[in-house]
Amino acid sequence: MLEVPGSTRGKILISNSSVIQDYFHKSIILMVDHDKDGAFGLTLNKPTNQTMESLIKNLPDTEHSNKRIYSGGPVDNMFVTIVHNQKNSNDPGVEIIPGIYMARSFDTMVEILQSKTTNFRVFQGYAGWAAGQLENEFEKLSWVVNEITEEQIFREDESEEIWKDALRSKGGIYKYFVEHTKDPLLN
């Protein structure tokens, strides 16, 4: 029997590439919120060609000005967020998992960009689901749910490798298929 999670908040969704062939093909979503009213997350492995300085006007020039922006999802490309690990920020934002925050404040972004020790990623857009929509996708076996680590959140390798490693980290049959088939979720 299929088990549909009550909430995926603070976890990752790993797409089943044999089912999903759209924007979410071979995607990993960091789930920021999920309740009876819907779900919201950020795609971790979809880099864009935009940089911080090309997307966000009036940012101070720092060593991070040319850092790449990630596509958080296909919804609302005016929605820009920063995910970071600077808990001592004046306004760190919403805590997603212990020690990892999501903020939308320009001041927080400037503060983090000027830090030499903070890990962060900036996202444009987001992934969103209406009430019951994500649960329906679970019933269609579109997603695998797993725990997330700080390393996975800030990893900037090639996007398909990040997706494969996320499946490996799930273990069991997922690890076997990612290592022994062209598409680990075809079975």
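Because the model is predicted, local features need pLDDT of at least 70 and side-chain atom pairs count only at pLDDT 80 or more, while totals for chains, interfaces and linings use all residues; side-chain values use heavy atoms, with hydrogens and water left out.

The protein chain holds 6 helices and 10 strands, where helices (H or I, at least four residues) and strands (E, at least two) are DSSP runs numbered from the N terminus. Strand 6 (residues 75-84) takes part in two pairings, a pairing being called if DSSP finds at least two bridges between the strands. With strand 8 (residues 100-103), strand 6 runs antiparallel and is joined by 3 bridges. With strand 9 (residues 120-130), strand 6 pairs in the antiparallel sense over 6 bridges, and here valine 75 stands opposite tyrosine 126.

Along the principal axes, the C-alpha atoms fill a box of roughly 50 × 35 × 25 Å. Buried residues make up 50% of the chain; buried means under 20% relative accessible area, exposed over 50%, and partly exposed in between, with a 1.4 Å probe and protein chains only. Of the contacts (heavy atoms within 4.5 Å) with a separation of 6 or more, 64% come from residues 24 or more positions apart.

Alanine 166 is found in helix 5 (residues 159-170) and has a relative accessible area of 1%, so alanine 166 counts as buried. Leaving aside residues up to four places away in sequence, alanine 166 touches Ile12, Ile14, Ile28, Asn146 and Gln152. The C-alpha atoms of alanine 166 and glutamate 150, 16 residues apart along the chain, are separated by 13 Å.

Threonine 48 lies in strand 4 (residues 47-51) and, at 18% relative accessibility, is buried. With residues up to four places away in sequence again not counted, threonine 48 touches Arg68, Ile69, Tyr70 and Ser71. Tyrosine 70 is 22 residues from threonine 48 along the chain, and their C-alpha atoms are separated by 5.4 Å.

Notes
Residues numbered from 1 in each chain as written.
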